[in-house]
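Welcome! Here is a short tour of one protein model, moving from a single side chain out to helices, strands and charged pairs.

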Amino acid sequence: MFLTGLGTATPAQRYTKEQCWSAFQSSDWCARLDRRSHAIGEAVLLRDNGISTRHLALGSLAEGFAIDPDTLHRRFATHAPALATEAALEAMRDARIDAGEIDALVISTCTGYLCPGLTSYVAERLGLRGNVQAFDLVGQGCSAAMPNLRLADSIIAAAAGQQVLSVCVEVSSAAMYLDDDPGVLISACLFGDGAGAAVLSARPAPHKRQIEWRSSGSVLEPRQRDALRFEQRGGMLRNILTRPVPALAAEHAQSVLESELKRAGLATSDIVTWIMHAGGRDVLQALRDRIGLSVDNLRYSASILNDFGNMSSAFVYFVLKAALEDRAPQGWWWMSAFGAGFTCHGALLEVGAPT
């Protein structure tokens, strides 16, 4: 399988962490939360947390503090199809293909729910064929891009399609929740909205760098499920984020990496470019310490985190795009993401010169 097109999309509105702190202070929630919560919010938003700005599907930050099930659902239903379509169109333009050539559409999300799923709305907006294969994947959290791409690989390997459109879209502002739990508060300060898309093909594109999906692996640890997940409370999604997450992410990322490198007969030193889900500043530090990476190795992940925040499943598409735009060297690239479950996935990409 070859990655022949890539696209990303964010809401137009971009907010600094200082603006977010000011909006919180002006909101009704400021009086509802206790003093410790104020201190946590101020510390996360005003000190160096690795994030400077986030794109949010809000006309104003005041809208973000209107937290009720109907408002949040409308936000997801309005913005998720639009962002997914925008990213998909960019990926198709990048691959130089039109809607009629897409054989399958795979969309992942965890920040809202629609039935029929997002594939119905996005296929309609893109003008895909009526017999397109459509797959909606939900509940996989920040790691969802990787199983999404693995499904595309399976479709192509089974000769069930030549061109697969992979999309991950998250409207984190549609999963807004506030209370005095530190994990909930930190989540509210970290996540942004965005979508990423890729066209996966049976053959490489003749007009651009060759990016081949060579192998992939996963680890699933249900015993750690409660460390990182969503729960339903009051008809809304409430994010569970606990202290062990950075260490868990690094541990499982190392496990998947070592397994795939051994299978391929490669060493860590053979990886020339790292496409890693960041999670947050502490996760990046844990990855560096556990795997033995440098700040430079994770510069693309850190840059995307700084400019966009944690966009959950869409994040790695942005990191991959940044590496390609920077003309990162050809050779073996490693792409990995972790998320709810507790899950971690990784894939070896072989990146070459244009064919």
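Ser37 is found in helix H3; helices (H or I, at least four residues) and strands (E, at least two) are DSSP runs, numbered from the N terminus. This is a predicted model, in which local features need pLDDT of at least 70 and side-chain atom pairs count only at pLDDT 80 or more, while totals for chains, interfaces and linings use all residues. Residues are numbered from 1 along each chain as its sequence is written, and side-chain values use heavy atoms, with hydrogens and water left out.

With a relative accessible area of 1%, Ser37 is buried (buried means under 20% relative accessible area, exposed over 50%, partly exposed in between, using a 1.4 Å probe and protein chains only). Setting aside neighbours within four places in sequence, Ser37 is in contact with Asp179, Asp180 and Leu185, where contact means heavy atoms within 4.5 Å. The side chains of Ser37 and Asp180 are also joined by a polar contact of 2.5 Å. A polar contact is a pair of N or O atoms within 3.5 Å; within protein, one must be able to donate a hydrogen and the other to accept it, and residues adjacent in sequence count only if both atoms are side-chain atoms.

## Helix H7

Leu185, one of the contacts of Ser37, is also one of the buried residues of H7. This helix covers residues 182-190 and is mostly covered, with 7 of its 9 residues buried. The buried residues of H7 pack against helix H3 (35-46), strand S3 (53-55) and strand S10 (236-241). At the N-terminal end, Asp181 caps H7, with a side-chain oxygen 2.9 Å from the backbone nitrogen of Gly183.

## Helix H4

How far apart are the end C-alpha atoms of helix H4? They are 38 Å apart, which agrees with the 39 Å that its 27 residues (69-95) should span at 1.5 Å a residue; the expected span is 1.5 Å times one less than the number of residues. There is a kink of about 25 degrees at His79, shortly before the proline Pro81. The bend at a residue is the angle between axes fitted to the seven residues ending there and the seven starting there.

Asp68 caps the N-terminal end, a side-chain oxygen lying 3.2 Å from the backbone nitrogen of Asp70. Just after H4, Arg96 takes a positive phi of about 60 degrees.

## Strands S11 and S12

Strand S12 (residues 331-339) is mostly covered, with 7 of its 9 residues buried. Strand S11 (residues 271-276) pairs with S12 in the parallel sense over 5 bridges; two strands pair if DSSP finds at least two bridges between them. Within this pairing, Ile271 stands opposite Trp332 in S12.

## Charged pairs

Side chains of opposite charge can pair when their charged atoms come close. The whole structure holds 13 salt bridges, each a side-chain nitrogen of Lys or Arg within 4 Å of a carboxyl oxygen of Asp or Glu. Among them, Asp179 pairs with Arg233, the closest N and O atoms being 4.0 Å apart. This pair links distant parts of the chain, 54 residues apart: Asp179 lies in the loop between strand S6 (163-170) and H7, and Arg233 in strand S9 (residues 228-233). Asp179 is buried at 15% relative accessible area, whereas Arg233 is partly exposed at 38%.

Arg223 and Glu221 meet in a salt bridge of 2.9 Å, N to O. Here Arg223 is exposed at 75%, while Glu221 is buried at 16%.
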